[in-house]
Amino acid sequence: MDLFGDSPNWKENLEPLLAKYKGRKHPLDYKNTYQLLVIVILSAQDSDANINSIAPTFFAKYPNMQSLAATNLEELFADISKVRNYRTKAEWLIEIANTLKKDENIPMKMKDLVVLKGIGRKSANVILRESKKPAEGIIADLHVIRVAPRIGLTNESKDGNKVEKELMQILPKDIWGEIGMAISFLGREICRPKPKCNECLINSHCNYYLSS
């Protein structure tokens, strides 16, 4: 696929998704920036439902960065043992807590977020979007990675950073903050591994639908 030829007006074509999903909260349950940071780290390669199920107990015990910094690995292992890769994630969380020390020290710039253990570009984009900060990229989670090439927005790739880069090249910056999550919601609800194309708001602009 030639991403740089005579490309469609994707901003216009994707507008129905933005109209439907703009501003919708991420499916992860959180009440403040500290909880958002922690829950995004815990959710990597795990399901939102699983992380949401442990969140109330976790945050009752660790209500802020100071309480997280005060614990030890063995105790944290026990508290998140139902989470995938929990040992590594526990190490990341304690290191972050000891680095930042207080909730108000959580950075709100991409360059500062991605130096924290367990925070890649996807996670940073989610944190910035949910915190209503200016977008510095586009969320490319597993749903976007599946859906974007199916629509015809990007080439096939399992690398979220590559998918994000291609999306950033063809989409105007003024929709970066919302379009990734909008495509993600489409992937969660309609454009499933077995897609419900007849229910899709943008099927008239979708390569998969038009070629099937």
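Modeller: Gladly! This is a predicted model. Let's start with two helices, H3 and H7 (residues 86-100), whose axes come within 10 Å and cross at roughly 155°.

Colleague: What makes H3 roughly antiparallel to H7?

Modeller: Angles over 145 degrees count as roughly antiparallel. The axes of H3 and H7 cross at roughly 155°, so H3 is roughly antiparallel to H7. The crossing is also right-handed.

Colleague: Which residues make the contact between H3 and H7?

Modeller: From H3 come Leu37, Val38, Ile41, Leu42 and Ser43, and from H7 come Lys89, Trp92, Leu93, Ile96 and Leu100. By type, eight of the residues in this contact are nonpolar, one is polar and one is charged.

Colleague: And why is H3 called roughly antiparallel to H9?

Modeller: The axes of H3 and helix H9 (residues 121-130) come within 10 Å and cross at roughly 150°. The cut-off is over 145 degrees, so H3 is roughly antiparallel to H9. H3 and H9 also cross in a right-handed way.

Colleague: Which residues meet there, on H3 and H9?

Modeller: Leu36, Leu37 and Val40 of H3 meet Ser123, Val126, Ile127 and Glu130 of H9. That contact of H3 with H9 holds five nonpolar residues, one polar and one charged.

Colleague: Let me pick serine 123, in helix H9. How do you know that serine 123 counts as buried?

Modeller: Buried means under 20% relative accessible area. Serine 123 has 8% relative accessibility, so serine 123 counts as buried. Leaving out residues up to four places away in sequence, serine 123 touches Val40 and Gly118.

Colleague: What makes helix H10 (residues 142-151) mostly covered?

Modeller: Eight of the 10 residues of H10 are buried. They are His143, Val144, Ile145, Val147, Ala148, Pro149, Arg150 and Ile151. Their cover includes helix H1 (10-13), helix H11 (160-170), helix H12 (176-189) and helix H13 (207-211).

Colleague: How many residues are in the largest nonpolar core, and which have the most contacts inside it?

Modeller: The largest nonpolar core has 68 residues, and Phe58, Leu153, Leu171 and Leu186 have the most contacts inside it. Helix H3 (residues 33-43) gives the largest share of this core, eight residues. As general background, nonpolar side chains tend to be buried together in soluble globular proteins.

Methods:
Residues are numbered from 1 along each chain as its sequence is written. This is a predicted model: local features need pLDDT of at least 70, side-chain atom pairs count only at pLDDT 80 or more; totals for chains, interfaces and linings use all residues. Side-chain values use heavy atoms; hydrogens and water are left out. A nonpolar core is a set of buried Ala, Val, Leu, Ile, Met, Phe, Trp, Tyr and Cys residues joined through side-chain atoms within 4.5 Å. Buried means under 20% relative accessible area, exposed over 50%, partly exposed in between (1.4 Å probe, protein chains only). Helices (H or I, at least four residues) and strands (E, at least two) are DSSP runs, numbered from the N terminus. Axes are lines fitted to C-alpha atoms, for helices over the stretch in contact, and angles run from 0 to 180 degrees between N-to-C directions. Angles under 35 degrees count as roughly parallel, over 145 as roughly antiparallel, 65 to 115 as roughly perpendicular and the rest as oblique. A crossing is left-handed if the near helix is turned anticlockwise from the far one by less than a right angle, and right-handed if clockwise. Contact means heavy atoms within 4.5 Å. Ala, Val, Leu, Ile, Met, Phe, Trp, Tyr, Cys and Pro count as nonpolar, Asp, Glu, Lys and Arg as charged, and the others, Gly among them, as polar.
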